[in-house]
Each structure stands twice: as C-alpha cells, then as structure tokens.
Amino acid sequence: MRRSSTDESTYHRSPSLDSKDYSFPNGAFRRYSSMYGGQFGAASNSFFGFHTNPGPKATKAKYTSPKGNKYVVFYLDLSFIFLLELKRCSMAHNCLQCIKYLMFVFNLLFWLGGCGILGVGIWLAVTQGNFATLSSSFPSLSAANLLIVTGTFVMIIGFVGCIGAIKENKCLLLSFFIMLLIIFLLELTVVILFFVYTDKIDKYAQRDLKKGLHLYGTDGNIGLTNAWSIIQTDFRCCGVSNYTDWFEVYNTTRVPDSCCLEFSENCGLHSPGTWWKAPCYETVKIWLQENLLAVGIFALCTALVQILGLTFAMTMYCQVVKADTYCA
C-alpha cells in the first residue's frame, strides 16, 4: 500500500537527473560553495554559474563600523604626533645643553688666554718700556702694545662668547661669531698679502729698519735701543744688511758695543775684526725659516681654535633657534 505524498516523513527522496526540482536545502548551497569556492570561482561569488552576491542588508552590515572608532583613531594619531614632537624637543634640548657647556668651557679658556697675553703686555710696557720697537715709521708698533691690544680683543671676544653661551642669547652668539669671523678674515688676508708681496715687504722693511738705526741711543727711544742691543747680542749680528750701516749713524767707523765679539766698554770703537759680520735682517730671516715648522704649527693651531669657536657659535645659534621654534 503506497503512502500518501501528503504524509509527513523523516525521509527525503534524493533528486534524480530527470527531476525538475533542483532546489537545495537551506544553507546547503552556501556550504558547498565554501567548500569548492577555491576551484569554482569563489572570487566572483559564483558556483556553477549561480551568483551568490549578498543582499543590500548584508552589504550594509558588512561595511558599517561604529562612529566612535573614528575619534579613537584620531586621538591616537594626535597622541603619537605629540610624543614625537616631545621626543624631538627633548633631543634638541639635550644637544643644546651639550653644545652650551662645551662652548662655555672653550670661551672661558679663550678669555683666560687673553688675560695672560694682556698681563704680559702690561708687564713689558712697565718694566721694559716700548720693547721691540724697531720701526721708525710705526713707533707704536711695539711688542708690549701688540700684546696689550691682542689680549684685550681676545678677552672681549671670550667674554661675549661665555655670556652668550651660558645665557643662550642669540644676539650675543651672533655678535661673537661676527667678531671672530672678521678677525679670522683679516688674519687670512694679511697672510695672503704677505706671501704675494714678499719681495716688496723685504725691501720696505730693510729701508725702514735702517731709518730706525738713527734713533738708537736717543732720548725717548729706549725701547728701540734695547731691542737692537738684544737682537745683535743674541743673534750675533751687526746692522741691518751689514755692520757698515752704523757708520752712517755715527758718521764715523763705529758700531754699538752690542756688536762686539767680546763685550766691553767702548768696544765698538775698536777695529772691525772684533765685531760681528753677519747682517741681522738675513740672520733673523734664516732663523725664522729654520723654525718655520714651529711657526706653521702655531699659526695652524690659532686658525683651528678660531674655526672651532666659529663652529661652536653657529651650531649653538642654530640650536637655540630650533629650540625656540619647536618648544615655544
């Protein structure tokens, strides 16, 4: 006896090929498509030609997100930027402090050196008069005056650098840089002109020194007298280009006692055989050439110190400007 098709049964007939009902149980299509989607066009959401695009509700639910997430991400971005700026500001401050104390120590030594030079110049001016005044055209160009002027400038520049560094003052730092740069450029210009016009300088120096011999032993020229006496005694020379240069000064065959091989009172009146024959100008020039390495090292150290001061000043000035910009 066949059972009625209307009766409920727990058994379901498998669909045959001839059957026209190709419906799938609820959820079966999705299950099979997920299993074979990698082989049958899962990327295009189809399975054997059947498209499985989600409906408008599913699409809307898939792409919507809570509105509060936008504000959380924006807040985190601001916090991250703030931390980066804070770190940058901290690094700039640490770098500024390091340069600050290095520049302060450098300028303190610079200032102390200026004090020492000034002290030596004052001592020479008090005890030795116008020591080493050899030029008649420039009577103020003495060793004492040169040391006093140099020491004063070095002290002023070092003081400005110290105050500018410790106070982090842009105006003082820039003033220190400009003053030191001007001095460095002047020194460089003098050195270049000296090497370019060496021959002319030699001729002018000899002519000027011969004029200065006429002031030897006169009143008010104790510095020039002492300078020539020391040079002729230490370098064992006589006169500028020859001992005969003194004949024009005394209008007789005579030289200062400092030209004698063996010093004694009025030994300059004796015969030329008892005098030094070497010219003082060439002797001093040869001595400078023999010690050219020491002179070059001194000049190089002076230039390096000035370049170091310029570098410190400009670096600290830039750091102060950056600190004011980022940390204002």
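**Entry 1: the overall layout.** I read the elements off from the N terminus first, and the protein chain runs α-β-β-α-α-α-α-α-α-α-α-α. That makes 10 helices and 2 strands. I am keeping in mind that this is a predicted model. Next I looked up burial for the chain: of its 328 residues, 24% count as buried. I also checked how far along the sequence the contacts reach. Among contacts with a separation of 6 or more, 62% are between residues 24 or more positions apart.

**Entry 2: H4 against H5.** How do helix H4 and helix H5 pack, and at what angle? H4 covers residues 143–167 and H5 covers residues 170–196. I get an angle of about 150° for the pair, with the axes 8 Å apart. The cut-off for roughly antiparallel is over 145 degrees, and H4 and H5 are therefore roughly antiparallel to each other. The crossing of H4 past H5 is left-handed. From H4, the contact uses Ile 157, Val 160, Gly 161, Ile 163, Gly 164 and Ala 165. From H5, Leu 172, Leu 173, Phe 176, Met 179, Leu 180 and Ile 183 take part.

**Entry 3: Ile 157.** Is it buried or exposed? Ile 157 has a relative accessible area of 4%, so it is buried. Leaving out residues up to four places away in sequence, I find Ile 157 touching Phe 176, Met 179, Leu 180 and Ile 183, and also Asn 107 and Phe 110. I then looked at Trp 111, which is 46 residues from Ile 157 along the chain. The C-alpha atoms of Ile 157 and Trp 111 are separated by 7.5 Å.

**Entry 4: two positive phi values.** Glu 168 is not a glycine, yet its phi is positive, about 55°. I find Glu 168 in the loop between H4 and H5. With a relative accessible area of 25%, Glu 168 is partly exposed. Asn 251 also has a positive phi, near 55°. Its place is the loop between H8 and H9. Asn 251 is exposed, at 69% relative accessible area.

**Entry 5: Ser 271.** I stayed in the loop between helix H8 (245–250) and H9, where Ser 271 is found. Ser 271 counts as partly exposed, at 43% relative accessibility. Ser 271 and Thr 253 are 18 residues apart along the chain, and I get 8.6 Å between their C-alpha atoms.

**Entry 6: the two sides of H9.** Which residues of helix H9 (residues 280–290) are buried? I find Cys 280, Tyr 281 and Thr 283. Looking down the axis of H9, I see these buried residues fall within an arc of 170°, so they line one face of the helix. On the other side of H9, Gln 289 and Glu 290 are exposed. I then looked up what covers the buried residues of H9, and the cover includes helix H6 (198–213) and H7.

**Entry 7: H7 against H9.** I followed H7 next. H7 and H9 pack at about 65°, and their axes are 11 Å apart. That makes H7 roughly perpendicular to H9. The crossing of these two helices, H7 and H9, is left-handed. H7 brings Trp 228, Ile 231, Gln 232 and Phe 235 to the contact, while H9 brings Cys 280, Thr 283, Val 284 and Trp 287.

**Entry 8: Gln 232.** I finished on a polar residue from that contact. Gln 232 lies in helix H7 (residues 222–235). Its relative accessibility is 0%, so Gln 232 counts as buried. What does its side chain pair with? I find a polar contact of 3.0 Å between the side chains of Gln 232 and Trp 246. Not counting residues up to four places away in sequence, Gln 232 touches several cysteines, Cys 237, Cys 238, Cys 259 and Cys 280. Trp 246 and Trp 276 are also touched by Gln 232, as are Gly 239, Pro 256 and Ser 258.

How values were computed: Residues are numbered from 1 along each chain as its sequence is written. This is a predicted model: local features need pLDDT of at least 70, side-chain atom pairs count only at pLDDT 80 or more; totals for chains, interfaces and linings use all residues. Side-chain values use heavy atoms; hydrogens and water are left out. Helices (H or I, at least four residues) and strands (E, at least two) are DSSP runs, numbered from the N terminus. Buried means under 20% relative accessible area, exposed over 50%, partly exposed in between (1.4 Å probe, protein chains only). A polar contact is a pair of N or O atoms within 3.5 Å; within protein, one must be able to donate a hydrogen and the other to accept it, and residues adjacent in sequence count only if both atoms are side-chain atoms. Contact means heavy atoms within 4.5 Å. The arc is that of the directions from the helix axis to the C-beta atoms. Axes are lines fitted to C-alpha atoms, for helices over the stretch in contact, and angles run from 0 to 180 degrees between N-to-C directions. Angles under 35 degrees count as roughly parallel, over 145 as roughly antiparallel, 65 to 115 as roughly perpendicular and the rest as oblique. A crossing is left-handed if the near helix is turned anticlockwise from the far one by less than a right angle, and right-handed if clockwise.
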